[in-house]
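Subject: The structure we talked about

Hi,

Here is the structure I promised to pass on.

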Amino acid sequence: MPELPEVQTIVNQLKENLVGKTITGIDIRLSKLWSGNKEQIIGSKILDVRRRAKMIIIKLDHGRNLVVHLKMTGQLIYSDISNNSNNRETVTFPNPIPFAGTTLPGKTTHIIFQLSGGVLFFNDMRQFGWVKVLTDDELVEVSEKHGPEPFSDEFTLEYLEKILSNWGRPVKLLLLDQSKISGIGNIYANEALWCAGISPMKRGKEVEKEKIKKLYACIKSVLEEGLKYHGSSAGDEAYVDVAGNPGKMQEHFKVYSRTGQPCPNNCGGKVVRGEIGGRGTFFCPKCQK
């Protein structure tokens, strides 16, 4: 599932390409992935694109928003029609889009946004993602269900100490809880805990104060690294940016998907794989305590 670095990469690119454009048409090919009245937003101008947790928020005029969650295998692929030799019905890309093909719309394309001068495709192989039309007030309600953003002023060391002190379950589960901290998923939780030298199985309230301080810094550093490399196209490689290009963070993983490989700390240990909360968990049992 795309996490903060992947979603923010997409947001940055969409903001560059979409702001100022008008939605001229919407083709909904799979209705279960759509919520809202499309007629209310056809003709709307795109004012901004931003991220909240793992959601992409496309701000429209007249107090409405398009909110997109990519879930497991969602993709947003954009093409500037004016720079493409194809017509408005199909767009050909230089490299195949995972699970969709070289020409869009493909078999996993479920929603198409026609824009003034461009087209935006929403693909989703597993069909868990969604697009919703929300008013500004409805968006506030959704946003309030999520915890502080890792790079926000609200996410302080004191806040992290407080939520860990009341957490009697494995610390990794706290990092994955979107009501506690927004945007962190399985990949970056594994990487942050390795960076901090904390066992993912350790109960949150048992993490020492010095290690909490290190974890606070590691959360930010691994997310910054993910942003630097435009996210991770690991596992099924469904994640691509809006041009269909994969991320590079998978080339820099320390423990995620590195089962059996030597720990990068040169501690003599090897990365092992376990399971916490139904999620694959990667760590070094020798240096993560």
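A word on terms before the findings: two strands pair if DSSP finds at least two bridges between them. Helices (H or I, at least four residues) and strands (E, at least two) are DSSP runs, numbered from the N terminus. This is a predicted model, in which local features need pLDDT of at least 70 and side-chain atom pairs count only at pLDDT 80 or more, while totals for chains, interfaces and linings use all residues. Residues are numbered from 1 along each chain as its sequence is written, and side-chain values use heavy atoms, with hydrogens and water left out.

The hairpins

Let me start with strand S3 (residues 46-52). S3 and strand S4 (residues 55-60) pair in the antiparallel sense over 6 bridges. Within this pairing, Arg52 stands opposite Met55 in S4, and Asp48 has Lys59 of S4 as its bridge partner. The two strands make a hairpin with 2 residues between them, and Ala53 in the turn has a positive phi of about 55 degrees.

S4 also pairs with strand S5 (residues 64-69), again in the antiparallel sense, over 5 bridges. Here Ile56 stands opposite Val68 in S5. The hairpin of S4 and S5 has 3 residues between the strands, and His62 takes a positive phi near 65 degrees in it. Of the 6 residues of S4, 5 are buried, so the strand is largely enclosed by the rest of the structure. Buried means under 20% relative accessible area, exposed over 50%, and partly exposed in between (1.4 Å probe, protein chains only).

What does Arg51 touch, leaving aside residues up to four places away in sequence? Its contacts are Leu4, Val7, Gln8, Val11 and Glu149, where contact means heavy atoms within 4.5 Å. Arg51 lies in S3 and is buried, with a relative accessible area of 14%. Its side chain makes a polar contact with the side chain of Glu149 at 2.6 Å. A polar atom of the Arg51 side chain also lies 2.9 Å from the backbone oxygen of Ala53. For a polar contact, I count a pair of N or O atoms within 3.5 Å; within protein, one must be able to donate a hydrogen and the other to accept it, and residues adjacent in sequence count only if both atoms are side-chain atoms.

The open sheet

Elsewhere, 4 strands form an open sheet in the order S1-S9-S10-S6, with antiparallel pairing. Strand S1 (23-28) and strand S6 (74-79) stand at the edges with a single partner strand each, so one side of each is left without a neighbour in the sheet. From one strand to the next, the twist averages 15 degrees. Helix H1 (residues 4-18) packs on the sheet and touches S6, S9 and S10; its direction makes about 30 degrees with that of S6. Axes are lines fitted to C-alpha atoms, for helices over the stretch in contact, and angles run from 0 to 180 degrees between N-to-C directions.

Strand S9 (residues 109-115) and strand S10 (residues 118-124) run antiparallel and are joined by 6 bridges. Ile111 stands opposite Phe122 in S10.

Aromatic rings

How many aromatic pairs does a search of the whole structure find? There are 5. Tyr256 and Phe282 have ring centres 5.1 Å apart and planes at 70 degrees, so the pair is edge-to-face. Tyr256 lies in the loop between helix H6 (209-228) and strand S12 (272-276), and Phe282 in strand S13 (residues 279-283), so the pair ties together parts that are 26 residues apart in sequence. Both Tyr256 and Phe282 are buried. Phe155, Tyr159 and Tyr216 form one aromatic cluster. For these, rings of Phe, Tyr and Trp (its six-membered ring) pair if their centres lie within 6.5 Å; planes under 30 degrees apart count as stacked, over 60 as edge-to-face and the rest as tilted.

Backbone details

The peptide bond from Leu104 to Pro105 is cis, with omega near 5 degrees. Pro105 is placed in the loop between strand S8 (101-104) and S9. Lys71, in the loop between S5 and S6, has a positive phi of about 50 degrees although it is not a glycine.

Best wishes
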